[in-house]
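Subject: Structure handover

Hello,

Here is the structure for you to look through. Please open it first, then read the notes below.

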Amino acid sequence: MSKLYKFFRLSAATVLILTLASCGGGAGPELPKAIASKADEIPADARAVAAIIEERLRGQTASEVKGVQIPDSLGHSLTDTEFTYDGFGLLSHKLMRYNKRDGKTDGRAVAGRLLFGDGIGRRTEVLYYAEYVFDDGNIRITDVKAATLYESFPKAMVFVVPTQKIKSAGGLPKTHTGILNFVSSNAVNWQTADQVQNKVEDYIIFAFLMDRVSASAEMELKISDDEFTELGYKDSSKYVDIKGWRIGFLPGKFNLATSSLFAKVAYSPGKEAGFGSRFSRMVGMFPLDLKRAKKESSRPRT
């Protein structure tokens, strides 16, 4: 896969952050490199501000961060009504800006990135900007904004599940985690796939995007016997978006024991990306050939 690039939501918050972060020079919404990414490298006041932003993102109103004050009006603006980061832990905090407020002699302006992940491998990232002053030994936040950063090459996972297993269970669960757990538990295990019977059976191919994506982004799940292009059959594919987590599924009838097919996942960023960046790109191609699938499934994942 080619080098990964990120394109970000050009909301008012992000435009403001890009301007204030003094990105300079380059074309496109390139963000500056982190000036600190380890906890002991990030000043204590910046860590405290990021911590209270994280609380508000999670919908918490009673702060556990001592010495930091944030007006309710600012805190409420950070809450995502669709997603409360339940089950997601903070994987990394990268500080991108830490200096005086523009045109002010007091206080600080900070910007950073918060990467969250959960136990099943899903990820979502947030870009934040805040201004604050020091008031009688406390930190008083005077301005704060946050926006989701959408990955332009989201990680994809594909599973093949016998249709009968879904029927026997009475259908699929209703939540994204429930569906992923059910599908991964009932999917063909490529390491023991030589036990698959040599006959045509009904299967459903599932594709999961493991990075949260925008509502305007597009996902395509295809099946093909061609390994070298993005072409494939997709007319029967259906898609579900559960609070930014995208699932594609494609029913099919084939002999898995003799298959030479490939499942392909294509993705196009949404309105958060510039017009010139909203092209379809392959984010996953998975062989359904038993021998090859067994070999590739045994490789370490990075």
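A charge sits over a ring if NZ of Lys or CZ of Arg is within 6 Å of the ring centre and within 35 degrees of the ring normal. Keep in mind that this is a predicted model. R122 meets that rule: this residue lies over the face of W245, at 4.8 Å from the ring centre. R281 lies over the face of F153, at 5.2 Å from the ring centre.

W245 also belongs to a cluster. Ring pairs link W245 with F83, Y85, F88 and F116. The count of aromatic pairs comes to ten. Take Y85 and F116: their ring centres are 4.8 Å apart and their planes are at 55 degrees, so this pair is tilted. Y85 is in the loop between α3 and β2, while F116 is in strand β3, so the pair ties together parts 31 residues apart in sequence. Both Y85 and F116 are buried.

In general, nonpolar side chains tend to be buried together in soluble globular proteins. The largest nonpolar core here has 29 residues, and V49, I53, L57, V110, I141 and V144 touch the most other members. Helix α2 and strands β3, β4 and β5 each supply at least two residues. α2 gives the most, with seven. A second, separate core has 26 residues, including A217, M219, I223 and L256.

Last, helix α5, which spans residues 176–186. Its buried residues are H176, G178, I179, L180, F182, V183 and N186. What covers them includes β6, α4, β7, β9 and β10.

Best wishes

Notes. Residues numbered from 1 in each chain as written. Predicted model: local features only at pLDDT ≥ 70, side-chain atom pairs only at ≥ 80, totals over all residues. Heavy atoms only, no water. Core = buried A, V, L, I, M, F, W, Y, C linked by side-chain atoms within 4.5 Å. Buried < 20%, exposed > 50% of the residue type's maximum accessible area, 1.4 Å probe, protein only. Helix = DSSP H or I, 4+ residues; strand = E, 2+ residues; numbered from the N terminus. Contact = heavy atoms within 4.5 Å. Phe/Tyr/Trp six-rings, centres within 6.5 Å; stacked < 30°, edge-to-face > 60°.
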